[in-house]
Structures are given as structure tokens and as C-alpha cells.
Amino acid sequence: MTDTYKFLLPENRIPRAWYNIAADLPAPPPPVLHPGTGKPIDPDDLAAIFPMELIRQEVATEREIEIPEPVREIYKLWRPAPLHRAVRLERALDTPARIFYKYEGVSPAGSHKPNTAVAQAFYNREAGIRKLATETGAGQWGSSLAFAGSIFGLEVKVYMVKVSYNQKPYRRALMETYGATCIPSPSMETAAGRAVLAEHPDSNGSLGIAISEAVEIAAQNPDTNYALGSVLNHVALHQTVIGLEAIEQMEMAGFWPDVVIGCAGGGSNFAGIAFPFLGRKLREGKDVRVLAVEPAACPTLTRGSYAYDFGDTAHLTPLMKMHTLGSSFMPPGFHAGGLRYHGMAPLVSHAKELGLIEAKAVHQNPCFEAGLLFARSEGIVPAPESTHAVRAAVDEALAAKAEGKPRTILFNLSGHGHFDMQAYTDYLSGKLEDRDYDAAALTASLDALPKVAAE
């Protein structure tokens, strides 16, 4: 047997610094604005809910930001994550393409999310904070912050989008196992939740609503800070350990990817795999296509407007320039809960506007079809979110087959689907529907975007 299936790095190759793509972009991203004044936000405006070190990272322009040793020590529990060559998938597809995947499901919580959860918990503890409030969609982020909170002795309260709270009871159980409290959102605990329930008593919830609830709790309690699992610059920064390791592992394999793929909801795992490769392209001219794959039922990059918008439904957050479906947009309850967000990370959105990345939207049935093929060839059951990246990788491999030309494909397998088996049960029984968004509701949501003079 001559094929190498795994490319592994020793623990001393865990990156010592995160990569900040802001240092290499050909144009700086638009500033975050204060919703009251319309002026760029002052760091002190964020100090009520974030520790100052994370605020500094949010606006940093240096290319590298050192990873604290206590964070690197905890990273050793699962990092460096393996890079696999999907040899058996290649054979199943009978493709000349070389398919590689970076597997983030080896983390304690089963996804890429602990890469930033551990860092955020560390900086909050260093700042004297003892409680964190957050939101979660599919539960990957909530369970990751719960894990990080248990490591650093922090109390964690998680507002989980109600449709996912009901769909994924074992994600909730994992959060509680780590010591966190999990609340279905919208809830009666906050003014933001009560307002939604007053108008929509049967609301399935959304990430925008859950963010509003968590931010409200953090803003009203001096001993509590807010933690976000995606979208913000410092989150994308922390996730670049994925791509930094992958670059070194692809060099071990002897290939440079023709295309790098990640699923995209808020943008964290996509940025984590893509930004280091884009940095090499921007600095050294190493050519690579970068593809973000999103759900057709929540098509932020492919259908949303590039505009200033709130990150939450109750408008408690600053205004960010991003691809958005509007903060009032309510996506249907499809299974990839981590991709049901109305906005996209400002840095990812900016990269899209600069023409540095491509985007495509896919329905969930084709994604689960690809996820099943992957599980039956590679043995790993992908999370519903990750099946979007698998689908695109399969499509790229089939395109190579049709052309009769090899290409090297790298995608981020951002997490396993062990707590998402109801989704696979629904797919296998033919109950999974390809849900589309309400076009009229989307138009109304976009029409309600805030008017900003800076645009």
C-alpha cells in the first residue's frame, strides 16, 4: 500500500501566532460604526461586554498575534489536527482529483469552535470575568464555550436557537455535562426574547435573536461578558490555526491546493482554513481559488446585500459592513443550524467584495447525499454544516473527472455529526425537505436595513 492517508504534525508545530489577514488585504475593511452616532466605534464602547485584549485584536493590523502559552497548552488536547487525503472518496468518484480535508472534529467538542472558545475564555479570565453569556445555533459553539469555561472556571449561559434546542438534545446535554446552562431562544428571560414571543409565540428562533438575548444579559451584568463564536475579526483570527497547520501539512503531502473550500454561515471555519492560504496568495502570488459554500435557504453571500447592518435582531450590537439578509430575516428550520445566520463575517464579506473568494449556495438534500457518500467511503459522519463543504469538494472532483484533468482540492471538515443523527435519519427516510427562504420576507428584511451616511 503506497497511499498516505494522514499527514500529522507534532505538538511543537502548533502555531505560535495567529494570522491576521487585515495586514495583507489590498484595501482596509470598512470600520464598525456606532449605531447612535454613525461614527466609527470607540474601543471603550465595547468594554462593557468584551475584555480589552479581544477588542485590541478586533482592530489589529499586525500580521501575526502571539498565541498565549496557556492557550497553546490546551490546544495540545487536540492540535495539531490531522490532514487526511480522501483516497477512498477519490476511488469512489473515479476522479483524477486529489482530495484533502483538514479534520477539526477531533476536538473535545467535536468541531473547530474550541480554537476560539479557549482563547476567549482565557482572555476573559485574565480580565477578571467569571461569567460568559453566548448564543448557539446547532450547538457546536455552545458546547465549545462550555468546554472552555470548564477549563478556566467560568460560568457559561448559552441561548440556543429553539429549533436546534429541540432538534439536537444531545448537544444540549453536552453543554450541561461541561457545566453550562442552556436556554431555548427566544426565551422569557430577556426583553429581547419576550418581544419576539409577544409577536411570534411559536417562533423557532434565529441566531440573531439568540445573540440579542446573550448581549442583553452581558450588558446588564458587570460580572458577565459576551462571547461570540463567529463573525467577528478576533474569532476569524483565532481560527487561522486551521489553515496555518494545513499549509504545512500540504507541503508534507507535496501539493498546493488548486481550490480551498469551507462551509459558511457566520464565517469562522471558512476564514480559518481560507485566510492563511489567501495570505500566501496576496504576499507571494501562490495561486489558489477559495470557495465559500452556504445553504440555499440562508444565502447570505450569494443573495444578501453588502451593507451596514446589526449583528442581532434587537439591534443591540454595533453596525458592521457585511453581506446580510437583514437582521430581521428568519431562515427556515433546516438542519445545518450553524449556518442559519443573517450576516457574514465582515472580513469574509470584504474579501468577497475584493474578488478574493467565490461563493455558491446549495440545498440540504444534495449536501446530505454527499455526506452519506463521504461517511461510507472515509468513515467519518460529517456535521450537517460540513456536508456543504463535502458537496462542493465532490462537485469539484467530478468536474475534474469530466475534464480529464487532475486538480488538488482541500476542504475543511469542520466537525463530526455524531449529535446530528436525526438529520441523517430524516434524509435516509426521505423526510428531509429542501427548504427555501420566503422571498417576500427577505425583500422586506433588506428594505429595513439601516441607512448609514458612510455608504
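**View 1. Buried residues of helix α15 in the predicted model.** P346, L347, V348, S349, H350 and A351 are the buried residues of α15 (buried: under 20% relative accessible area, 1.4 Å probe, protein chains only). Helix α15 spans residues 346–353 and is mostly covered, with six of its eight residues buried. These buried residues pack against α11 (233–239), α13 (268–284), α14 (300–303), β12 (305–310) and β13 (319–324); contact means heavy atoms within 4.5 Å. Just after α15, G355 has a positive phi of about 80 degrees. Helices (H or I, at least four residues) and strands (E, at least two) are DSSP runs numbered from the N terminus.

**View 2. Open four-stranded sheet.** The strand order is β8-β7-β6-β9, with parallel pairing; two strands pair if DSSP finds at least two bridges between them. At the edges, β8 (181–185) and β9 (224–226) each pair on one side only. Strands β6 (131–136) and β7 (155–161) are joined in the parallel sense by six bridges, and E135 stands opposite Y159 in β7.

**View 3. Helices α9 and α10.** Helix α10 (207–220) lies across β6, β7, β8 and β9 and runs at about 170 degrees to β6. It packs with α9 (191–199) at about 145 degrees, the axes being 7 Å apart. A191, A192, G193 and V196 of α9 meet I209, S212, E213 and E216 of α10. Axes are lines fitted to C-alpha atoms, for helices over the stretch in contact, and angles run from 0 to 180 degrees between N-to-C directions.

**Notes.** Residues are numbered from 1 along each chain as its sequence is written, and side-chain values use heavy atoms, without hydrogens and water. In this predicted model, local features need pLDDT of at least 70 and side-chain atom pairs count only at pLDDT 80 or more, while totals for chains, interfaces and linings use all residues.

Definitions and conventions
Buried < 20%, exposed > 50% of the residue type's maximum accessible area, 1.4 Å probe, protein only.
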